[in-house]
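This report covers one protein model, with its residue contacts, strands and backbone geometry. The sequence and structure come next.

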Amino acid sequence: MKKSIYIIFFLIGNYCTLLAQPGQNPYWERKGITAFNLSQASLSSWSAGGESALGLDALLNYSADFKKERHLLNNRLELAYGLNRTESNGTRKTNDKIYLSSTYGYQMAKNFYLSGLLTFQTQFAKGYNYEVSRDSFISKFMAPAYLMIGAGVTWTPKPYFTATFSPASWRGTFVANNRLSDAGAFGVKKGKHLLSEFGANLKAEVQYEFLKNMTIYSRVDLYCNYLDQPQNIDVRWDVLLNMKINNWFSTNLTTNLIYDNDVKITQKNGSAGPRVQFKEILGVGLQFNL
């Protein structure tokens with residue numbers, strides 16, 4: 001288990017080094033945004049009720065794409081973290097994301113590439129299901145973490161659309177916490193720290209400016225495990241709508257939809273099972289282009 005984690009950190013380190021290289025090479029296209037959104041409500045003797053609240057959300061999205069002759073390399077980094085504080089509930093996490101992706105392609109025909117795909121996703125801090133317990137975390141850094149390596153084809157019919165189909169994909173779910181591992185969280189067998197799956201993955205991405213200073217980025221991943229219940233399709237759909245107000249301020253709307261048959265969501269009545277997970281965050285604040 002430790003060896004696998006070291007390999008993951010090695011990949012992350014090399015990935016971040018790649019994205020940090022100077023952008024003078026004409027074959028590279030680099031772009032990204034970082035945003036800091038703040039929301040605040042203060043109430044005093046307010047007849048309609050409610051309570052004071054303070055929210056902070058930060059995100060960074062960055063891409064580094066390379067294209068030369070028959071070679072194509074698309075890289076993407078996404079980081080996000082958010083907190084909300086109210087008088088009754090204290091401070092709670094509202095957003096938490098680490099996502100890395102690389103796709104290499106070798107052109108075989110117009111708009112078609114033989115490709116290899118690598119993605120990694122986890123979170124920064126502990127997460128809680130406050131409806132069940134305020135003290136016992138249900139997730140943390142590297143618990144879970146998802147690593148996928150696949151081979152297949154990439155199709156780029158338009159500059160703003162890319163689809164990668166990987167019919168041979170290994171996906172590892174890591175749970176690097178003994179308590180969560182012993183509970184069999186995130187589909188791992190009780191006492192184990194890794195769930196290995198082999199199947200097919202389809203990733204489709206759209207990044208399009210549909211109005212001046214209004215850009216949408218949407219990514220959907222569909223995965224089926226050949227070895228266990230292939231009829232169950234895991235879905236991850238991320239959307240970022242960016243509306244630039246001026247050189248300093250913007251409005252961001254992010255949504256995340258997840259369905260994973262291996263992730264059991266516990267309800268107030270104690271029942272647990274796979275469910276559609278959805279998160280939406282709307283923020284207004286400072287934005288800087290990278």
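## A buried aspartate

The side chains of Asp-238 and Arg-219 are joined by a polar contact of 2.8 Å; a polar contact is a pair of N or O atoms within 3.5 Å, where within protein one must be able to donate a hydrogen and the other to accept it, and residues adjacent in sequence count only if both atoms are side-chain atoms. A polar contact of 2.6 Å also links the side chain of Asp-238 to the side chain of Asn-256. This is a predicted model, in which local features need pLDDT of at least 70 and side-chain atom pairs count only at pLDDT 80 or more, while totals for chains, interfaces and linings use all residues. Residues are numbered from 1 along each chain as its sequence is written, and side-chain values use heavy atoms, with hydrogens and water left out.

Asp-238 sits in strand β12 (residues 233-244); strands (E, at least two residues) and helices (H or I, at least four) are DSSP runs, numbered from the N terminus. With a relative accessible area of 10%, Asp-238 is buried; buried means under 20% relative accessible area, exposed over 50%, and partly exposed in between (1.4 Å probe, protein chains only). Leaving aside residues up to four places away in sequence, Asp-238 touches Lys-97, Tyr-217, Ser-218, Arg-219, Thr-255 and Asn-256, where contact means heavy atoms within 4.5 Å.

## The barrel

Twelve strands form a closed barrel with antiparallel pairing, in the order β1-β2-β3-β4-β5-β8-β9-β10-β11-β12-β13-β16. From one strand to the next the twist averages 20 degrees, with axes taken as lines fitted to C-alpha atoms (for helices over the stretch in contact) and angles running from 0 to 180 degrees between N-to-C directions.

Strands β8 (residues 145-158) and β9 (residues 161-174) run antiparallel and are joined by 11 bridges; two strands pair if DSSP finds at least two bridges between them. Tyr-146 stands opposite Thr-173 in β9.

## Nonpolar cores

The largest nonpolar core has 10 residues, including Phe-137, Ala-143, Tyr-146, Val-175, Leu-180 and Phe-186. Such a core is a set of buried Ala, Val, Leu, Ile, Met, Phe, Trp, Tyr and Cys residues joined through side-chain atoms within 4.5 Å. Another core, of seven residues, lies apart from it, and Leu-77, Leu-100, Phe-120 and Phe-174 are among them.

## Aromatic pairs

The whole structure holds nine aromatic pairs; rings of Phe, Tyr and Trp (its six-membered ring) pair if their centres lie within 6.5 Å, and planes under 30 degrees apart count as stacked, over 60 as edge-to-face and the rest as tilted. The Trp-28 and Phe-66 rings are tilted because their planes are at 55 degrees, with centres 5.2 Å apart. This pair links distant parts of the chain, with Trp-28 in strand β1 (residues 28-41) and Phe-66 in strand β2 (residues 53-68), 38 residues apart.

Trp-28 is buried at 15% relative accessibility, and Phe-66 is buried at 18%.

## Backbone exceptions

Most residues other than glycine have a negative phi, and most peptide bonds are trans. The bond between Ala-143 and Pro-144 is cis, with omega about 10 degrees, and Pro-144 lies in the loop between β7 (137-139) and β8.

Met-142, also placed in the loop between β7 and β8, has a positive phi of about 65 degrees although it is not a glycine. Met-142 is buried, at 3% relative accessibility. Gln-229 has a positive phi near 50 degrees; Gln-229 lies in the loop between β11 (214-225) and β12 and is partly exposed at 38%.
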